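Welcome to this short tour of a protein model. Have the sequence and the 3D view ready, and take your time with each stop.

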Amino acid sequence: MPRTLLAVHAHPDDESSKGAGTMARYADEGVRTVIVTCTGGEAGEILNPAMDRPGVLERMPELRRQELAKALEVLGVSAHHWLGYRDSGMADSDANGHPDAFANAALDEATGRLVAIIRKERPQVVLTYDERGGYPHPDHIRTHEVSVAAFDAAADPDRYPEAGPPFQPLKLYYHATFTRRRLEAIHVGALARGIETPFAKWLEEWDAEGEPDPVVTTQVDVARWLGRRRDALIAHATQIDPNSFWFAIPDEVVAEIYPWEDYTLARTLVPTGDHETDLFAGLDPEGSGEPPGGAPVDPEGQPLA
Ligand SMILES: [Zn+2]
């Protein structure tokens, strides 16, 4: 069975701002990469001034699909699935009243849709957001809830029997992308190199809000994939201003200072070390999905027949 990595995201563009370097790297290394997008991003605003032109807002659902398709191509993603909900907008937004809004979705029904995808794709590793959503948007919180529920339900033959044969993913991770630790490291590192950074004010505000950083258990080195990450993000032309602070520090400088994408290992069914550099750590080399340790292994690492 091929190694498969499945990431669940709330909106088109989230796959490019959270873990994009990781997806590109694993794709290049021969892992099947799968992205699930829970909503179509219909309620999104135009966040790039260059795209704020007549007619663009009216075509938003179509444009966001096109942008996503381009980003998936940049990242070399093997398969993509829509969960089929509508974007909810921020808390208190009118969009939340829509009957198909993801924030209103029945948890059981949404979980069943994701269970069907997991049983079809059979990923050993699942990526999603933490309980805070990584960002306080109702769709992100719901993405967390549905992913955690589906991770367990996918293996349970009594749940969603119509959704395919049971399958148990082995590891569940949360993105820990936007940490104060990372932002500060890049800020300090850039200043030390004589590069101006726009992050001083952001860091101050971060301290005032007092959100603690998530625990980082796993760091994937994506230094060589930062260009792909940037291109994927820029593919979301209605959402990302290429002149914004996201791109203030050149990739080659980021690669020197903080080449990692960070994760929190939330669940694992295989033994693994304290600090991982590979999302598949602890799985057997063939990625069969079976936990290692069944057959005795000799010191050279060859299974003993
Ligand atoms: Zn989002």
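Tyr-160 is buried, with a relative accessible area of 14% (buried means under 20% relative accessible area, exposed over 50%, and partly exposed in between, using a 1.4 Å probe and protein chains only). You will find Tyr-160 in the loop between α5 and β5 (171-175). Helices and strands here are DSSP runs numbered from the N terminus, with helices being H or I runs of at least four residues and strands being E runs of at least two. The phi angle of Tyr-160 is near 50°, a positive value in a residue other than glycine. Most residues other than glycine have a negative phi.

Before we go on, a word about what you are looking at: this is a predicted model, in which local features need pLDDT of at least 70 and side-chain atom pairs count only at pLDDT 80 or more, while totals for chains, interfaces and linings use all residues. Residues are numbered from 1 along each chain as its sequence is written, and side-chain values use heavy atoms, with hydrogens and water left out.

## A neighbour of the tyrosine

Which residues does Val-115 touch, not counting those up to four places away in sequence? They are Ala-150, Ala-153, Ala-154, Tyr-160 and Ala-163, where contact means heavy atoms within 4.5 Å. Val-115 sits in helix α4 (residues 107-121) and is buried, with a relative accessible area of 0%. Asp-278 is 163 residues away from Val-115 along the chain, and the C-alpha atoms of the two are separated by 25 Å.

## The zinc site

Now look for the zinc ion. Its protein donors are His-11 (ND1), Asp-14 (OD), Asp-14 (OD) and His-140 (NE2), lying 2.1 to 2.7 Å from the ion. Donors are N, O and S atoms within 2.8 Å of the metal (3.2 Å for Na, K and Ca), and water is not among the atoms, so sites may look incomplete. His-11 lies in the loop between β1 (4-9) and α1 (14-17), while His-140 belongs to helix α5 (residues 138-153), so this pair ties together parts that are 129 residues apart in sequence. Both histidines are buried: His-11 has a relative accessible area of 6%, and His-140 has 0%.

Why is the arrangement around the zinc ion called irregular? The four donor atoms subtend angles of 53 to 142°, which makes it so. For comparison, four donors count as tetrahedral if all angles lie between 85 and 135 degrees; four count as square planar and six as octahedral if opposite donors are over 155 degrees apart and all others between 65 and 115; anything else is irregular.

The loop between β1 and α1 also holds Asp-13. Asp-13 has a positive phi of about 105° although it is not a glycine, and at 13% relative accessibility it counts as buried.

## Salt bridges

The model has 18 salt bridges, each being a side-chain nitrogen of Lys or Arg within 4 Å of a carboxyl oxygen of Asp or Glu. One of them joins Glu-205 and Lys-201, at 2.8 Å from N to O. These two residues are four apart in helix α7 (residues 200-209), and are therefore separated by about one helical turn. Glu-205 is partly exposed at 36%, whereas Lys-201 is exposed at 56%.

Another salt bridge links Arg-132 with Asp-130, whose closest N and O atoms are 3.9 Å apart. Here Arg-132 is partly exposed at 30% relative accessibility, and Asp-130 is buried at 7%.

## One face of a helix

Which residues of helix α8 (residues 226-234) are buried? They are Leu-226, Arg-229, Ala-232 and Leu-233. Seen down the axis of α8, these residues fall within an arc of 120°, so they line one face of the helix (the arc is that of the directions from the helix axis to the C-beta atoms). Among the elements that cover them are α1, α2 (20-28), α3 (60-75) and β7 (260-268).

## The whole chain

Stepping back, the chain has nine helices and seven strands. Its radius of gyration is 20 Å, close to the 19 Å that the globule rule gives for 305 residues, so the chain is as compact as a globular protein of that length. The radius is taken over C-alpha atoms, and the globule rule is 2.2 Å times the number of residues to the power 0.38. Of the 305 residues, 49% count as buried.
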